[in-house]
Amino acid sequence: MLSKINFLTAGESHGKGLLGIIEGVPAGLDITSQYINFHLSRRQKGFGRGARMKIEKDQVEIFSGIRYNLTLGSPIGLIIKNIDYKNWTDIMSVEKPSIKIDEITLPRPGHADLAGVMKYQFSDIRNVIERSSARETTMRVALGSICRKLLEELNIHVASYVTGIHNIQDHESYNIDVKSLNQKADGSHLRVLNSDIELKMINIIKDAQKNGDTVGGKFQVIISGAPYGLGSYTSWNRKINAKLAESISSINAIKSVSFGKDSTSSSFGSELHDEIEYSNNQYKRTNNNSGGIEGGMSNGQDILINAEMKPLSTLTKPLKSIDIKTKQTKLAHKERTDSCAVPAASIIAENMACITLLDAILEKFGGDSMKDLKTHFKSAKF
Ligand code: EPS
């Protein structure tokens, strides 16, 4: 549902690497590969990641669209190589390999495997595994970080932290500015703000690893500095909450997205809605249960997005499945995997939010260059 930004990624998990193109970023934005690499490294962290993250050191090559560190207004092309590709050259060969490669025929419950082979009429599940892997989100973070850099120039900041792992939940509310929040979360093994529960969470992940199992969790993305009126109530496909929900629920293993206060249906209306006050020529709200969005529009408060991630579906203690060749009951296919990727998902969600928010900013304010955009943005009522 984006209207001003267009982006596309390509690449298989164990192929040569990832390609990304983003179009619609105004000219004159200062961006370096170091900035993008910093955000790529944030996605690679988190307790519970598997051996793959020790192999990859994600580094971007800017292929096009940037000259002397400034965007040209043309499509920006990025490349990120897979270091692990050297171990997969036959399995992922573009040409038919000279040696026989065994097909994967045991779909993993919860993964894209079964629906994928049925849809594309494949006999080898490898064809599905490769693109349905969360490796692809590396490029989304790289493209999203370009949008983030632009938002930062407008004093809009995007952060995230983990609010739950398995059955351990963080019920605290934090009153920290968004920049410090990210620094604190980046310093934690699990992106949690409450160090009292971090060890319990780590132990749950360790137990799951020992049992060949995986765990999911929850996180919150927080956006500060968004002006009034991103999105619109006028049509179903212009609502900013719908656009953010679409972009964040597209992240692998995300099962739900909500805004503001959790479980709003159990509150009375009188308890939930944020009363309106006025002082110093500004409207103020007593609370932010709405998560900064009312009527499909940003309302000048921080935007709060909650998301829930299911436990990953590749299990080293696999579930029952059916061999798609013989139709015999067997245990599902085992792949190297992560036991928990909630911290990584929260970084990916930050970056998907950046892309979506930039689209909404460009829709409302427009501008071919950063100079134009900043002039239009300054005229906004906060
Ligand atoms: C993934 C399985 C693991 C993860 C991968 C996502 O990869 P591998 O099969 O190579 O061990 O590490 O995530 C990434 C590679 C990444 O960059 O996040 C899966 O099946 O989705």
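In this predicted model, a polar side-chain atom of Arg49 lies 3.1 Å from an oxygen atom of the ligand, a polar contact being a pair of N or O atoms within 3.5 Å. Because the model is predicted, local features need pLDDT of at least 70 and side-chain atom pairs count only at pLDDT 80 or more, whereas totals for chains, interfaces and linings use all residues. Residues are numbered from 1 along each chain as its sequence is written, and side-chain values use heavy atoms, with hydrogens and water left out.

**Ligand surroundings**

- For Arg52, a polar side-chain atom is found 2.8 Å from an oxygen atom of the ligand, and an N or O atom in the side chain of Arg135 is 2.7 Å from a ligand oxygen atom.
- The protein buries 93% of the 460 Å² that the ligand exposes when taken alone, with accessible areas from the Shrake-Rupley method and a 1.4 Å probe.
- The ligand is surrounded by 13 residues, the closest being His14, Arg43, Arg52, Arg135 and Arg336, where a residue counts as near if one of its heavy atoms lies within 4 Å.
- By class, this shell holds 7 charged, 4 polar and 2 nonpolar residues, with Asp, Glu, Lys and Arg counted as charged.

**Open sheet**

- Five strands make an open sheet in the order 8-7-9-15-10 with antiparallel pairing, where strands are DSSP runs of E of at least two residues, numbered from the N terminus, and two of them pair if DSSP finds at least two bridges between them.
- Strand 8 (168-169) and strand 10 (254-259) stand at the edges with a single partner strand each, so one side of each is left without a neighbour in the sheet.
- Within this sheet, strand 9 (residues 217-224) pairs with strand 15 (residues 303-309) in the antiparallel sense over 7 bridges, and Ile223 has Ile303 of strand 15 as its bridge partner.

**Hairpin**

- Strand 11 (residues 276-279) pairs with strand 12 (residues 282-285) over 4 bridges, again in the antiparallel sense, and Tyr278 stands opposite Tyr283 in strand 12.
- These two strands form a hairpin with 2 residues between them, and Asn280 in the turn has a positive phi of about 50 degrees.

Technical notes
A polar contact is a pair of N or O atoms within 3.5 Å; within protein, one must be able to donate a hydrogen and the other to accept it, and residues adjacent in sequence count only if both atoms are side-chain atoms.
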